[in-house]
Every structure is written in C-alpha cells, then in structure tokens.
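Dear colleague,

Please find below the sequence and the structure that I am handing over to you. My notes on what was found follow directly after them.

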Amino acid sequence: MFNRVLVANRGEIALRVMRACRELGFWTVAVYSEADRDSLHVHYADEAFLIGPPPAVDSYLRIDTIIAVARQAHVDAIHPGYGFLAENAAFARACVAAGIVFIGPSATAMERMGSKIAARREATHANVPLVPGTTAPVTSAEAARLLGEQFGYPIALKAASGGGGRGLKVAHAPGEVEEAFQSSRREAAAYFKDDTVYVEKYLMNPRHIEIQILADQHGTVLALGERDCSVQRRHQKLLEEAPSPVMTPEVRTSMQAAAVRLCEQVGYVGAGTLEFLWSDGQFYFLEMNTRIQVEHTVTEAITGLDLVKWQLRIAQGEPLPYTQHDIVLRGHAIECRINAEDPAANFAPSLGTLASYAEPHGLGVRVDTGFKAGSTIPQFYDSLIAKLITWGSDRPEALARMVRALSDFEISGVKTTIPFHQLLLRNPAFVRGEATVRFIEDHIGEAGLHALATPPIMGDDFDEFNGARRFAVEVNGKRFTVRVAVPEDLLANDAVQRQPASYVPHAAKRSKAPTAPGTLVAPLQGTVVTIRVAPGDMLQVGQVVAVVEAMKMENEVVATHAGRVKAVLVQPGQSVQAGMSLVTLEV
Ligand code: MV4
C-alpha cells in the first residue's frame, strides 16, 4: 500500500490526481517550476519541491531531478499525469530502478504500443481491424507509389514515432507522393529524431472514436465504452463526448472486444486509450495512448468510476472488482475545453491574468481547473484554463446543460474558447450528432470563426466603454439592467449617479480627473442628517461633505473634486431630492 505519492505534473491534472490521492489517504508531493511557484497544485499538495530553474518548460521533463526529489521525499509512487513524462519509457524504467512505482503501464508495454508501426503489428496479430497500410517502414517514394496503386488514393504518409498529426502528409495522386514522402520524413526527423515513415490508405472524412481501457495486474481488462473526439482544430481536441452519437451496442461490443484483445496481448496495466477512425460504419485501429487523457472525465461521468483513483489502486496491486458485465453506461457526458485562446484569431494563445473567473455550478456540472481568479496563465505550458463537463440523462439534456453552463462561466482578462463552444453547440449538424474530423472546416469555416470577434463587452467598471455605465433600475417593481452612455461633464459629477461609498475606490482607478462643475449634489432622495463642512473650508477629493439618510440607510456624500466651499445650501433635517445641490464651491 502507498503512503506517499509524487505527482510529476502541473495544472488541472496535478490537482485531479492529488484529489484522488487524498481520498485514498495518501500524502501528496508536488513538484513545480519557477513559473509555477504560485500555482494551485503547489498549494494543494502536502509538500512541494522546486524542480526548475528556467527554462520552465523543461522542468517537468527532468527525469533525474524528479527521481532525486522522489527519493528525498520518500514517496512510494509517481503519477505522471498526461503530457510531459507520461509516455516516456525511460522515465518508467528510472522509477522502477529507484524502487518507486510508476503509476502506468510497464516500460515494455509502453514501447510495444509506442511506435505506430509496432502497434500496427500488434493489432494485426490480435486481429484488430486496421486501416489498410504497411506494417514495415517505407523507405522510398517509389515504394509509396506502388502502395498507392495497391490501396487506392489518397494515401497517408505517417511518422512511425508520430502523434498529434505531426509528420502526417496526404498524397491524392501518384504525382503528389514524392513531395509528401520527403515532407513527412523531414517532419518526422525534426520532431521525433526518427525519420521512419509508413503508408496507410487515407480515409477522407472519418470520425475519431476512442475506447477507454482499465487493466489490473491480475489479468482483468475492462473496456469502459467510447468517447467521440471528432471536433478538433489542427489536431487539438476542443470537445469530447461519451457515448458517441453514432455508436450502436453491437459495434461498441465489437470495438471494446478488439481493444481488450490488444491490451491482453501486450500485458497492458493501468488506464489506456485505443484510438480508432470510424468511416462508413467500420472502425479501424489507429494508435494507443498509454496514459490518462484530458477527456477521461466524460467516461467517469457515464460509468461512475473514478479512473484516476483506479490508476492508483491498480498500481498498488488491487484487483478490479468488476467484470465487463458490471460496466453500465448511463446517460451522456460532454467536455468542452476552455482554453486561453482567441477562436476569432486562429485560436492564437491569449495568455495573461484572469481578471475575473467564476465557474458554473449545479446538477450535472463539473469543472476541473488549475486556476482561480487572479491567476496568471504561464506562457510556457498549454493554454487549457478549465475543463467543463456536463452530464445529462440523454444527449439533449447534456447539450442543454452545457449551453447553460457555458453562459454561466465568467472569465475576463483573456480571450477564451467559450464563444466557439457556444457557436458549436448551436450548430444543427453538431446537434444532430454528425460531426466528423472535418467539422470545423465544413460547418463553421474561417468566416464563422472570424465572426466570433466581438466588440468589447461592458463590465461593471464604468470607464471601460466610452463612459457608458450599467445601472440596475426598478420600474414598477421589475428589475432592469440598463446601459447608459453618460456625457463627460455629467460623468464628472459622479455623486449624481453613484453611491459615495463605492465612488472613492473607483475614483482612484479613473485616469481622467473629473472636471469641476462647482456644485456637490445629493446622490439620492432622503433627509440630510449632518453637514460636515462650512463656507471657506478647503475640500479634498473623497472628503465627506454631508450624510443623507434614505430608507434607514446613511449615505455619505463625498467631494468629487477639490475646492473651497462657497455656500452650504441645506441644513440637517431637510428633505432633499436626488441631484439637488447641497454645497457650492468656488471655481
Ligand atoms: C488518418 C486520417 C485518415 N486516414 N489516417 C491525424 C492525427 C493522427 N493521430 C491521425 N490522424 C489522422 N489519421 C488515415 N489513414 C485522418 C486523420 C485525421 C484526424 C484523426 C483524428 C482526429 C482528427 C483528425 C483530423 C485530421 C486528420
């Protein structure tokens, strides 16, 4: 049994893992880069260790440093999260060599599924359907052209060590093969230091469907249904859902069985995902991710299983107490990735400080994040602010709940993908469940994305929008919010529009000093309680001039500009109307 677990990651996934550790009673150890000194995972952990002089981006990749910290902190196990060292077989080996449990599959299983050519061989052997293609490297454009004739065009040239679309090139005709082959090789060499490429028939408009696996050390391998991750932009997933809108129980059973066969064959232990392409009612194995994934949350929502907790329990040697028949998929779940990106500007990163951050709540709503209001999103890492997950008893309910939760999510200070999701969730083809990997190109388009550029929205801060201000007003007992563009001179006489108590801090924020109209007025209708000034007094901005009582509340009237008091026009006990002059100043 574990007592202490180190989490070799940051952000929302580090917090996600530490929460699971807490529930299991483990002491949590965080590591952090200099850019993450104030990050939430550092504060949440029971202990935290600095691992990074700059460049911060490399800190979470330092195998020796992390192992040294793990020894120093006497941890029993290391959870790698996703990204960074999660699929690094050398790291898994280094953990084992240091007598520390790596929470994930064995280095061997990782390697057997790591190279795509190796994974294709394993899949062939396990009788798992594959996209037609090679299980050996292709070493010349000439060989690739022959394969094009064999499978039919288009063909894809792929990097054996590839991932995330890197090294993927498509040739639609024999004349395009030479360039696609060379280009794929160059990219493969640059990104992965391995220029091995292979060929597959290219499917034109597939869906991306993946199967979640959980396998223990005692031979039990469970398939936990599928996720549909078709909505992507440049191989970055934006929305995932479970189950897939196109899945039938029969196809699910057969995809799950294929995934289980493959995992059994390679002795896979832990949580893992098998990616498939789905085209014309057929599924084809693509590759395996040997880690917990960002979108594991939608599977948790429909299975009721805590996948991260099961990763930890499996790593401790516990057997899974279920059979495949015990796995029941209930309802529907959707995850929207809320990134600090501007969807109207090609999803360019929009990093900065979260000026405001307020999460949605309520039944069937989950938010996983590593940030809070005031947090700065460091430039070194990914732009994920939060994962918003909704669950519903069926897909329409999950969708409606997501639409509602997105509109309840308040983030300012950075641009986010929220407007994109709002557009997506109202798209008829998406709502009908028809999204494929080309969805954004085919159904939203560049024009649709550019249209997401919105004029600045006015917040409560009145100097944000040309002096326009928002007011709550009640008309015949009904509350309205109205936006009023106040002329400059009236704006200067702030006491007319704003309760004095809230005026002072705002005054400090304003760049322009109010122009002097020469009179201080009552902010509201009421009774003068006291007058604090007399003719001849020098007034400072913010100084209390009078107190007016209204509805049993005392309201201080403060000077909105400095000056000498000329006359006091009212006395204590006198009734005043809103806007009525109380004091005049020498101008
Ligand atoms: C494909 C394909 C069509 N046919 N392979 C892109 C990333 C890599 N993981 C696999 N990818 C694809 N491989 C064949 N034989 C289409 C894609 C693809 C894709 C796959 C999943 C999710 C989004 C995608 C977007 C474009 C292309």
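From which domains does the lining of the largest cavity draw at least three residues each? They are domain 1 (4-103) and domain 3 (207-451). Please bear in mind throughout that this is a predicted model.

The cavities

The structure contains three cavities of 30 Å³ or more. The volume of the largest cavity is about 50 Å³. Its lining consists of 13 residues, and those nearest the centre are Ile103, Thr290, Arg291, Ile292 and Gln311. Sorted by class, the lining of the largest cavity comprises eight nonpolar, four polar and one charged residues.

Overall layout

Besides the two domains already named, the division of the protein includes domain 2 (132-201) and domain 4 (519-586). The centres of domain 1 and domain 2, taken over C-alpha atoms, are separated by 37 Å. The protein has 18 helices and 30 strands, and its C-alpha atoms fill a box of roughly 95 × 55 × 45 Å along the principal axes. Of the 587 residues, 52% are buried. Among contacts with a separation of 6 or more, 62% are between residues 24 or more positions apart.

Helix α8 covers residues 141-151, and its buried residues are Ala141, Ala144, Leu147, Gly148 and Phe151. Why do these buried residues line one face of the helix? Viewed down the axis of α8, they fall within an arc of 110°, so they line one face. On the face of α8 turned away from the buried side are the exposed residues Leu146, Glu149 and Gln150. The cover over the buried residues of α8 includes β6 (155-159), α9 (177-192) and β8 (197-201).

Glycine 152 follows α8 and has a positive phi, near 90°. The peptide bond from tyrosine 153 to proline 154 is cis, with omega near 0°. Proline 154 belongs to the loop between α8 and β6.

Further backbone features

A cis peptide bond also links alanine 242 to proline 243, with omega near -5°. Proline 243 is placed in the loop between β11 (236-242) and α10 (249-266).

Two histidines have a positive phi, which is noted here for residues other than glycine: histidine 74, with phi near 50°, and histidine 235, with phi near 65°. Histidine 74 sits in the loop between α4 (63-72) and β4 (77-79). Histidine 235 is in the loop between β10 (221-233) and β11. Histidine 74 is exposed, at a relative accessible area of 60%, whereas histidine 235 is partly exposed, at 44%.

Alanine 344

Is alanine 344 buried or exposed? Alanine 344 is buried, because its relative accessible area of 10% is under the 20% that marks a buried residue. This alanine lies in the loop between β15 (341-342) and β16 (348-349). Leaving aside residues up to four places away in sequence, alanine 344 touches Leu449, His450, Leu452 and Ala453. Glycine 374 is 30 residues from alanine 344 in sequence, and their C-alpha atoms are 24 Å apart in space.

With kind regards

Definitions and conventions: Residues numbered from 1 in each chain as written. Predicted model: local features only at pLDDT ≥ 70, side-chain atom pairs only at ≥ 80, totals over all residues. Heavy atoms only, no water. Buried < 20%, exposed > 50% of the residue type's maximum accessible area, 1.4 Å probe, protein only. Helix = DSSP H or I, 4+ residues; strand = E, 2+ residues; numbered from the N terminus. Arc of directions from axis to C-beta. Contact = heavy atoms within 4.5 Å. 1 Å grid on protein atoms, 1.4 Å probe; cavity = no way out; pocket = protein on both sides within 12 Å on 5 of 7 lines; lining within 4 Å. Points joined across faces, edges and corners; volume = space filled by probe spheres on them. Nonpolar A, V, L, I, M, F, W, Y, C, P; charged D, E, K, R; others polar. Domains from an automatic or database assignment.
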